[in-house]
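Hi,

Here is the structure I promised to pass on.

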Amino acid sequence: MARRHDRPSTEPYAAGPHAAGPYATGAYGGGPYTEQGARPAIELRGVRRTYGRGAETVHALRGIDLALARGTFTAVMGPSGSGKSTFLQCAAGLDKPDQGEIRLGGEDITRLSEDRLTKLRRSRIGFIFQSFNLLPSLTVEQNVLLPQRLAGERQDRARARELLAQVGLGEHAKRRPGQLSGGQQQRVAIARALITDPDVVFADEPTGALDTRTAHEVLGLLRRAVDDLGATVVMVTHDPVAASFADRALFLAGGALVDELHHPQAQAVADRMVSLTARPVGVAA
Ligand SMILES: Nc1ncnc2c1ncn2[C@@H]1O[C@H](COP(=O)(O)OP(=O)(O)O)[C@@H](O)[C@H]1O
Ligand SMILES: [Mg+2]
């Protein structure tokens, strides 16, 4: 199985209800998933982020409290300017909050040095971007291995091949990104995001550049990475259909978490978005 076992043995891998999917081999580590014993994959406590000062101050995040369990798929939604990008950047250690604390796999990352944070991002966080962000000069396989290379870890080619097979690109390992369609490139990015077995995979509008059918394929792969590999995915999206692949949709407005839907249906998400967009600007719940 592609999932590695070099994390503390206390990590509760959730086998999920769909263990017969293409990622499954039945060889999960860890014991049964218990909610009480489980350390969240990521936790935000009282996270605030402001830009500017004085009369110009923008409260991009007004105190976010959130804990996401391992093996869950969360969609973060909200109108433009509601704080989605700031949330993602703070949670992923790309930006520092002014107040509050962020814990990744139980470790407080808020006070780490830039050096430590850079290393941590390479090995413990996976990123999937709207624009794929593959390196054109590297082969598909080299792109998938890049996080391990940058982290100075052993490059696990067998695991890269296995992940590529799991995203349906087993035959394309030696190609360059320019020889692939957009959907195929995003599938490479998914394999790349999973290669280090990160605590959390952050996806920023991962289907924003894809047509509907291709978007569904990519979302289905993210879903299966969660269900079959026990990955933890946090996805920012504008798209209610994309959100419907998640276990939970969180709604940001004016820098605060104002609502959530469990097992979100696209129509319910769309309705919620309409009511949020109708809120007066600057009013946080
Ligand atoms: N670098 C910045 N400097 C000043 N204001 C910013 C900066 N980045 C974001 N903001 C402001 O913070 C708020 C939240 O922005 P953002 O997190 O980008 O929201 P979203 O991604 O939901 O559109 C907005 O009012 C935005 O204008
Ligand atoms: Mg944004």
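Below is what turned up, starting with the overall picture and then going piece by piece.

First, the ground rules. This is a predicted model, so local features need pLDDT of at least 70 and side-chain atom pairs count only at pLDDT 80 or more, while totals for chains, interfaces and linings use all residues. Residues are numbered from 1 along each chain as its sequence is written, with chains lettered from A and ligands numbered from 1 in the order in which they are written.

**The whole chain**

The protein chain has eight helices and 10 strands. Here helices (H or I, at least four residues) and strands (E, at least two) are DSSP runs, numbered from the N terminus. Of the 285 residues, 45% are buried. Buried means that 20 or more other C-beta atoms lie within 10 Å of a residue's own, exposed means 12 or fewer, and partly exposed is in between, with C-beta atoms placed from the backbone. Among contacts between residues at least 6 apart in sequence, 70% join residues at least 24 apart. Two residues are in contact if their C-beta atoms, placed from the backbone, lie within 7 Å.

**Around ligand 1**

Which residues surround ligand 1? They are Y51, G52, V58, A60, G78, S80, G81, S82, G83, K84, S85 and T86. A residue is near a molecule if its C-beta atom, placed from the backbone, lies within 6 Å of it. β2 (58-68) and α1 (84-91) each supply at least two residues of this shell, and α1 gives the largest share, three residues. By type, the shell has three nonpolar, eight polar and one charged. For that count, Ala, Val, Leu, Ile, Met, Phe, Trp, Tyr, Cys and Pro are nonpolar, Asp, Glu, Lys and Arg are charged, and the others, Gly among them, are polar.

S82, one of the shell residues, sits in the loop between β3 and α1. It is buried, with 25 other C-beta atoms within 10 Å. The C-alpha atoms of S82 and A60 are 7.1 Å apart, although 22 residues separate them along the chain. Once neighbours within four places in sequence are left aside, S82 is in contact with L252, A253, G254 and G255.

**A sheet of four strands**

Four strands make an open sheet in the order β2-β1-β4-β5, with antiparallel pairing. β2 and β5 are the edge strands, each pairing on one side only. Two strands pair if DSSP finds at least two bridges between them. Going across the sheet:

- β1 and β2 are joined by eight bridges, and V47 has I64 in β2 as its bridge partner.
- β1 (residues 42-51) and β4 (residues 99-104) share five bridges, with R45 opposite E101 in β4.
- β4 and β5 (residues 107-108) are linked by two bridges, and R103 is partnered by D108 in β5.

β4 and β5 also form a hairpin with two residues between them, and G105 in the turn has a positive phi of about 55°.

**Two helices with a buried face**

In α2 (residues 114-124), L120, R121 and R124 are buried. Seen down the axis of α2, these fall within an arc of 105°, so they line one face of the helix. The arc is that of the directions from the helix axis to the C-beta atoms. E114 and D115 are exposed on the other side of α2, while its buried residues pack against β4 and β6 (125-129).

α8 (residues 266-277) has V269, R272 and M273 as its buried residues. Down the axis of α8, they fall within an arc of 100°, so they too line one face. Q267, V274 and S275 are exposed on the face turned away. The cover over the buried residues of α8 includes β3 (73-77), α7 (240-243), β9 (248-253) and β10 (256-262).

**Two phi angles to look up**

Most residues other than glycine have a negative phi. N133, which is not a glycine, has a positive phi near 55°. N133 lies in the loop between β6 and α3 (140-150) and is partly exposed, with 14 other C-beta atoms within 10 Å. E205 is not a glycine either, and its phi is positive, about 45°. E205 is in the loop between β7 (200-204) and α6 (212-229), and counts as buried with 20 C-beta neighbours inside 10 Å.

Cheers
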